[in-house]
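Colleague: Hello! Shall we look at this model together?

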Amino acid sequence: MTWIPAQEVTVPVALAGLTVADGAFAGLRAATGRNGRIRRRAYIVTAAGRGAAVALAGLAATAVVSLGDLGRRHQALTEAGARTLAVVAPYAALAVLSLGAYLLLPMREGALMVVVGLGPLILVRPIVVAGAVVAACLGTRDPVIWAAAGTAAAGVLTVEPLVRRRWYREPL
Amino acid sequence: MPVLEISDLIGAWDPDTGAHLPVGKDEVVARLRAAGDHHAVRIVERMPASGGFLEPEAVDRLFVRVHTELQWLGEELRMAERFAELLRPLVTAARRAGRGPLRIVDVGCGIDPVTRALAASGTLGRDVELIGAELNPVLVAEATRLAEEERLTCRFVRRNALTLAEPATFYISSGLLHHLPAASLAGFFGAQDRSDTAGFVHYDIAASRLAPLGAWVLHRARMREPLGRHDGVASARRAHGDAVLLDAASSAEGMRVFLFTPPRHANPCCAAMRPVIGVRPGLIEALRRGLGRRARGLVGPSDTGQEPGGAGEGTGG
């Protein structure tokens with residue numbers, strides 16, 4: 001018999017996974033253009049780790065806001081999370097596709113993905129996050145869910161500026 | 001109205017000593033205002049100044065920040081790979097032809113990520129000397145520091161590349177041509193027609209209707225400095241057209257000139273950067289062989305759609 005995890009498990013796990021992955025990329029963007037070396041694998045890994053760590057802190061803040069009286073809100077929180085996923089999952093899929101194309105396609109076609117894929121996706125990211133907040137809050141007047149959605153969005157959007165301000169103000 | 005880049009206006013150096021020359025903030029603002037670029041005016045007005053002159057140290061730091069951001073953008077566009085794609089067959093042909101010593105000089109190199117990447121990869125061979133030439137002493141110092149930190153076998157000089165005592169086997173540049181007025185392009189290319197020089201590869205933004213939009217997206221997404229974002233779009237707006245570049249490059253009379261994968265002959269989005277290439281006739285066949293099927297992307301001045309560099313293109317020595 002195959003065990004299929006319930007939505008109560010998959011939704012928060014997927015959201016947490018996407019948040020940490022997004023944080024890692026935000027850390028990378030924060031470090032972008034601050035190290036002029038050619039070989040910098042360790043620098044990139046460190047920046048991604050810092051972004052992921054800050055994103056985890058944002059997740060923790062969201063958990064603190066949302067997990068009070070969890071028993072009563074469990075169902076509503078799961079539904080809000082599923083609505084959030086419906087907005088951010090297609091965006092994440094597009095980002096993964098663009099990144100894959102950038103890495104795998106021949107030189108010129110791969111570089112094209114920066115212009116038509118990754119670049120525009122970075123620019124619309126705040127709009128997608130705002131859309132996810134609206135989706136999470138649709139159909140509920142529970143202030144805790146509103147606060148959780150707002151906290152999560154703030155956490156996601158502040159990773160890049162926080163990492164940049166803390167570690168990457170000036171070129172190394 | 002002229003399209004101006006802020007970075008062309010805020011720095012000036014004594015050509016002999018490399019010392020900063022004073023740059024009047026009001027003068028820069030007035031030029032940008034006269035060009036109708038109010039966005040640029042606001043950027044410059046926020047820059048620190050003392051006694052009416054832009055603060056040299058702040059300008060230096062700004063140049064390093066912008067060029068470091070620009071390096072990452074160039075890496076995402078795989079500029080070093082693009083140069084290597086063309087330089088590998090050219091260097092091989094020059095080596096076989098007994099030209100030497102083999103030397104590649106990057107003109108107006110900035111902090112020169114291309115030369116340093118070529119040095120780091122070693123793709124051109126250890127017998128090729130790699131030199132970056134740049135007039136801005138701060139960028140030369142930064143390029144030198146970065147190369148030393150990574151122990152790369154390349155060097156950087158604060159000089160006009162075309163007046164170096166050591167002649168280049170190949171001159172290269174990345175994003176330089178649009179900084180030169182159209183009227184001075186012929187002189188620029190003609191000066192590279194030196195007896196010891198086998199060719200040149202100058203990459204620049206392909207002028208197209210999409211170029212400013214593409215530049216806006218790229219610089220908005222990947223650069224933080226307002227100056228870098230502004231100048232990136234201005235660069236695309238002032239980029240020279242294919243015909244202008246080919247016509248000017250023909251001033252190097254001892255060389256055959258081509259564009260490689262220009263927008264009209266390739267996916268226009270993929271041709272965001274395209275080079276103008278000058279090659280001694282004896283090296284053209286080797287370049288075509290080295291490029292293989294991609295040689296179809298070589299487009300000469302009289303090209304009418306058939307494969308350039310092929311029969312009738314004068315590939316003999």
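Modeller: Let's begin with a term: a salt bridge is a side-chain nitrogen of Lys or Arg within 4 Å of a carboxyl oxygen of Asp or Glu. This is a predicted model, where local features need pLDDT of at least 70 and side-chain atom pairs count only at 80 or more, while totals for chains, interfaces and linings use all residues. Residues are numbered from 1 along each chain as its sequence is written, chains are lettered from A and ligands numbered from 1 in the order written, and side-chain values use heavy atoms, without hydrogens and water.

Colleague: Which side chain of chain B meets A:R34 in a salt bridge?

Modeller: Between chain B and chain A there are 7 salt bridges. In the one with A:R34, the distance from N to O is 3.5 Å. The partner is B:E69.

Colleague: How much area do chain B and chain A bury between them?

Modeller: Buried area is the accessible area (1.4 Å probe) that two parts lose on being put together, summed over both. The contact (heavy atoms within 4.5 Å) takes 35 residues from chain A and 37 from chain B. Carbon and sulfur atoms hold 58% of the buried area, and the total is about 3200 Å².

Colleague: How many helices are there in chain A?

Modeller: Helices (H or I, at least four residues) and strands (E, at least two) are DSSP runs, numbered from the N terminus. The elements of chain A run α-α-α-α-α, with 0 strands. The number of helices is 5.
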